[in-house]
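Me: I want to learn how to read a chain interface and the strands behind it. Can we work through one model?

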2 protein chains.
Amino acid sequence: MSAQSSTRTREVPAPQDPAGFALAIDIGGTKLAAALVSAQGEIVAGHRVPTPDGDGEALFRALCDAIDPALHAVGLEPEEIGGLAGVGVATAAPMDRDAGTVSPVNIPGWRNFPLRDRLMDRYEITGIRMIGDAVAVAVAEHWRGAAQGRRNVLGMVVSTGVGGGLIIDGKAVEGTTGNAGHIGHVSVDPYGPECVCGGRGCLEAIASGRSIARWAAQHGMAGAPGQAVDERDAGAVAAAARRGDPVALATFRRAGEAIGMAVAGAVTLLDLDVVVIGGGVAQAGRVLFDPIDDGYARYAALGYSSSPRVVPAVLGGDAGIVGAAAVVHRPEIYRPGSHRG
Amino acid sequence: MSAQSSTRTREVPAPQDPAGFALAIDIGGTKLAAALVSAQGEIVAGHRVPTPDGDGEALFRALCDAIDPALHAVGLEPEEIGGLAGVGVATAAPMDRDAGTVSPVNIPGWRNFPLRDRLMDRYEITGIRMIGDAVAVAVAEHWRGAAQGRRNVLGMVVSTGVGGGLIIDGKAVEGTTGNAGHIGHVSVDPYGPECVCGGRGCLEAIASGRSIARWAAQHGMAGAPGQAVDERDAGAVAAAARRGDPVALATFRRAGEAIGMAVAGAVTLLDLDVVVIGGGVAQAGRVLFDPIDDGYARYAALGYSSSPRVVPAVLGGDAGIVGAAAVVHRPEIYRPGSHRG
């Protein structure tokens, strides 16, 4: 994904009635993005900027530098957005939805940053809906992507870390503390590697971009990165795998089979009808999805569990924006907690 | 559990208005049970008979021999039950809810037996609600047992096999094909034993009563059963473990830690607030629950996942009956599929 500033505006007229559009914001470690999104999930104007280093104020200014051009592109001034359908924010974890604060692991300048209050002050708006970035991907793929029309869906993000979100009986679920979907910390090997969370054999400790890059380097992949390992390094391992490098291929086989086993467990437990996998590492393509399919087939042998499809996400870098808009336009389905029993 | 016929009637008056009571039926490999259950979940009259060997008709006659005394105990004749709130059936798997047929693995005389139609003919009733026995336990423990008032619950049955049911956002979930909750076939060891389902390392292949008895015998437990191994044999292993037999203790440690890992995965994925474990093997007590707790702590290290409680079921042999009644009295919560989005 590009880390350069960019704007796009589709060939649609400026909204006559702003109430038909959501302002959607996506906060990630490499980019800050904003867009106006229609009730049909169409991005009518969007802008993104690289996530800067720096303190909380510098980060907030950068975020405004993404939001304001998106508004201008459809003829709105910042103080005019109160007439929009609402504002949705997809953010890297962790966040505190009740407090409206964010502390994204990969954005050290924001720790308990009062994002909701700051946005409300800056844009004179009254309500902002927040959603985790991995849940946003699940929601986006259900609303407008690879899981449209499905009733029981796991959406996964395999990038620097591994996250996910769940649609059960047609609605997003949040769990007791807002953490449902966190498949990255499900253990898939009782004797597996220790995980940063304190557990053992977590999927993230085997299949995240960071784990992939580290394992490839430790096992002597030619030209593999040495010290600093992150999602981009996993891309180098993927490129090597496509060239036939045996260590790189073994690395992706290990990671993919672990993903397949975790997915098989989720499908068996929840009787899902589709699993959508996105994120930077998933862009590796067949070198990842072939071993996912193999692991899935090995560990999901019951009739009902062997039939669901495991498919790549289709929304790519737009998933966070589309998911953030979904909680505004379809709160009865996608706003976690809105359908408590 | 007893396999002898028995009747019980509480000191409550015969129902003035049958519409306040459900006829609940529980179909298992060792017993067939029926009861009248109030809207508060109270069993006002119940009867049970041993599950006979024999063909489908012999089994159906035995079931009627459980139902009729339960009706008589509250002054109802079989042809009078149309005035009840409804009829609920909890049955060992598998069943076909749409067709109303049952094929319980441990009741070979019933294969695609048209239980719903036969009951409707015999008792002149129009609607029967069916629920899997493991889901019934989850539902019963949520309605009247150890999970009352909780929003996100896994109920497990560890007996001859391993099954389960889920309450998500306060409602029972069925999944895409009616199989949600099937934790017994979630793999907890990528290199674990082959499972009858065709998978590998399934929880059931390690922690079911059958697997416990087999493993203990294979590893030389003194006095362990040899060939035929079932839930009752697991009881012998539990007794040996309580006496300090090292192989029996190792057997329960292996099984308990596997259950703990599977439960940790479910809690991590679904952000549950309580897990209730029942079934014959769970009656082993601390020799099972201590390793469950150890396994759980090892594989659920994130803050939110380490806090839920893992507790024994409290309804015991009544869980199936109470669960079957719940789908009649509280369909909006407990009837799988009644809240499709």
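The turns below go from the interface to one strand.

Reply: Two ground rules come with this model. It is predicted, so local features need pLDDT of at least 70 and side-chain atom pairs count only at pLDDT 80 or more, while totals for chains, interfaces and linings use all residues. Residues are numbered from 1 along each chain as its sequence is written, chains are lettered from A and ligands numbered from 1 in the order in which they are written, and side-chain values use heavy atoms, with hydrogens and water left out.

Me: How many residues of chain B are in contact with chain A?

Reply: Contact means heavy atoms within 4.5 Å. Here 45 residues of chain B touch 44 residues of chain A.

Me: What is the area buried between chain B and chain A?

Reply: Buried area is the accessible area (1.4 Å probe) that two parts lose on being put together, summed over both. In this case the value is about 3,800 Å². Carbon and sulfur atoms give 62% of that area.

Me: How many salt bridges are there between chain B and chain A?

Reply: A salt bridge puts a side-chain nitrogen of Lys or Arg within 4 Å of a carboxyl oxygen of Asp or Glu. The count is 2. A:E174 forms a salt bridge with B:R151, with the closest N and O atoms 3.5 Å apart.

Me: Which elements of chain B supply the side that touches chain A?

Reply: Helices (H or I, at least four residues) and strands (E, at least two) are DSSP runs, numbered from the N terminus. β10 (162–168), α7 (246–270) and α8 (286–299) of chain B each supply at least two residues of that side. The largest share, 6 residues, comes from α7(B).

Me: Is β10(B) mostly covered or mostly open?

Reply: Buried means under 20% relative accessible area, exposed over 50%, partly exposed in between (1.4 Å probe, protein chains only). In β10(B), 7 of its 7 residues are buried. B:V162, B:G164, B:L166 and B:I168 point one way, and B:G163, B:G165 and B:I167 point the other way.

Me: Which strands pair with β10(B)?

Reply: Two strands pair if DSSP finds at least two bridges between them. Strand β9 (residues 153–158) of chain B pairs with β10(B) in the antiparallel sense over 6 bridges. B:G155 stands opposite B:G165. The β10(B)–β11(B) hairpin has 2 residues between its strands, and B:D169 in the turn has a positive phi of about 55°.
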